[in-house]
Amino acid sequence: MRPASFRSFLSRPITYCLSCGQLKQRLASLSLASLVSLGLGGCSTVHSLKYHLFGPTAHDVNSPQSGLVVADEPQAALVGRDVLARGGNAADAAAATAMALSVTLPSRASLGGGGACLVSRPGHAPETLTFMEEPGNSAPAARTSGSREARLADGVSLRPASVPMLPRGVYLLQDRYGSVQFNDIVAPAVVLADQGVTVSEALAQDLAAVKGPLLGDPALAEIFQRRDGGILGAGDQLVQKRLGAFLTRLGLVGVGDLYNGVLGSVFVTQADLAGGALTSEAMRRAVPGGSKALHARRDGWEGLFLTPPADGGLGTAMAWARGVPAEAAVATWRSSGQQGYDAAQNFLENGQVTGGSLPPLPASTSFVVADGHGMAVACALSEDNLFGTGRMAGSTGVILGASPVLYPKPMITGAVLRDRNGALRGVVAASGQNDAAQAAADALNAITAGTAVGQPTSSGRVNAIICAHGDTHSCTGTADARGHGLVSSAQPH
């Protein structure tokens, strides 16, 4: 599907179903009366699922390894690995990993946030998918509030939220490049939310960092507070029944329902009760963007990078190709006011970096995926603040991302490296606020030099896949040890 058709296509809900019995059983678990108002009379017994995560699937018998997933949170990486092992491609695995992260690392990857992904496939032009809310699309109350916390008439403090871009972005990624049904991508996240996950070291660190304000919100305290009154820690159990119901609805009815349907009305109402200042109009206008990937060559290597508005990719590109400090490059780009692929590519090749720095940037997380056929995906996700607004959209279970009007744009970066023969040699994504773009560039430098991708000396955190000889069946992965991430290798079932 071409970029011009994004808006019309993404505005339509998915209409496929399981069987009527299966659908009714799943809908019976939803806690909101408004979420069970689907008409079931026209549902047939036709099964549209050509792939099921927990059942037998075909796999490529000629592929000794289905691929790799490297992510900051181990349980999400395992979900992506399972998708690869059961026949899904890198886009399927990336979409499933992102949805799982919304459950296992909601401090940085809530459904209320957004991000960007770089997709590279053999024989196709690399592309960037960006699903980050821009300030111009924010609700009027968010644009005019003037402060991060104003007071509403009913006494609820106003904390403007971002439009939830992650669901539409993940759907677009999987629909354009994936090979399985969207409901199968969502299904593992439903199980994780409904049955519970073990709090990882990655999530435990984030919970400890903001435990006071977080437990001040009753809805968040309900899921993140232990019985003794403390915050959940590593090894504790995290159950999110409401989020599981919300994800179930997304998987069965489609993401269009969140932006144009009943689920969207529920979400806006619940978000506004939490001071989110969202509108249905802002939800409808929230459409992901697609463009060509930035590209640069150096010493026979070709680097492919995320395109602005994911401008961390531009910073990584300039640091790798031209040796300029990545943060200074991004600061110069942002101050120039330029936009779009053509301007960014020209800036990469000819722009003068004047120096400067950025204010402290929001928290993010990243992951990378490669499959046995050479497809690679690099993604970074953010809520524009750790735990977004620090509030939940009530009965939906979704943590609200923070409005970009009131917070700086996060440093979203990802890159793919190919050699002079076009073979995949590396996939890199990074987090770590201001240092993310430089950390990704340093990792690319290590790959081109044939040295190990070490732990950055800065706060940047890198997830990388390295294919030393351009052979995708022998790639290895590395996760930054400080991020408590996981390298997960998939073997076909």
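## The nonpolar cores

A nonpolar core here is a set of buried Ala, Val, Leu, Ile, Met, Phe, Trp, Tyr and Cys residues whose side-chain atoms come within 4.5 Å of each other. Please keep in mind that this is a predicted model. Its largest nonpolar core has 89 residues, and F224, L247 and F267 are those with the most contacts inside it. Helix α4 (residues 90-104) gives this core its largest share, eleven residues.

Leaving aside neighbours within four places in sequence, L247 is in contact with M99, V103, L111, V186, A189, V190 and A193. Another core, of 40 residues, lies apart from the largest one. Its members include L294, L314, A440 and A464.

## The chain as a whole

Stepping back, the chain has 18 helices and 17 strands. It is 493 residues long, and 61% of them count as buried. Its accessible surface comes to about 17,800 Å², with 51% of that belonging to carbon and sulfur atoms.

How much of the contact pattern joins residues at least 24 apart? Among contacts between residues at least 6 apart in sequence, the share is 73%.

## Strand β14 and its two partners

Now find strand β14, which covers residues 424-431. Eight of its eight residues are buried, so the strand is largely enclosed by the rest of the structure.

On one side, β14 runs antiparallel to strand β13 (residues 413-418), and six bridges join the two. Within this pairing, V416 stands opposite V427 of β14. The hairpin that β13 and β14 form has five residues between the strands, and there G422 takes a positive phi near 85°. Strand β15 (residues 461-466) is also antiparallel to β14 and is likewise joined to β14 by six bridges. In that pairing, A430 faces V462 of β15.

## A buried glycine in a loop

G196 is found in the loop between α7 (182-195) and β6 (197-198).

Not counting residues up to four places away in sequence, G196 touches V191, Q237, L238 and V239. G196 also lies 9.1 Å from V103, C-alpha to C-alpha, although 93 residues separate the two in sequence. V103 is one of the residues in contact with L247.

## Salt bridges

A search of the whole structure finds 13 salt bridges. One of them joins the side chains of R176 and E127, at 3.5 Å from N to O. This pair links distant parts of the chain: R176 sits in helix α6 (residues 166-177) and E127 in strand β3 (residues 127-131), 49 residues apart. Both partners are buried: R176 has a relative accessible area of 19%, and E127 has one of 17%.

Helix α14 (residues 280-285) holds E281 and R284. Their side chains meet in a salt bridge at 3.0 Å, N to O. E281 and R284 are three residues apart in the helix, so about one helical turn separates them. E281 also meets R285 in a salt bridge, at 3.5 Å from N to O. R285 and E281 are four residues apart in α14, and because of this they too are separated by about one helical turn.

R284 counts as partly exposed at 39%, and R285 is partly exposed at 34%. Elsewhere, R226, D228 and D236 are linked in a network of salt bridges.

How values were computed: Residues are numbered from 1 along each chain as its sequence is written. This is a predicted model: local features need pLDDT of at least 70, side-chain atom pairs count only at pLDDT 80 or more; totals for chains, interfaces and linings use all residues. Side-chain values use heavy atoms; hydrogens and water are left out. Buried means under 20% relative accessible area, exposed over 50%, partly exposed in between (1.4 Å probe, protein chains only). Two strands pair if DSSP finds at least two bridges between them. Contact means heavy atoms within 4.5 Å. Accessible areas come from the Shrake-Rupley method with a 1.4 Å probe; for residues, only the protein chains shown count as cover. A salt bridge is a side-chain nitrogen of Lys or Arg within 4 Å of a carboxyl oxygen of Asp or Glu.
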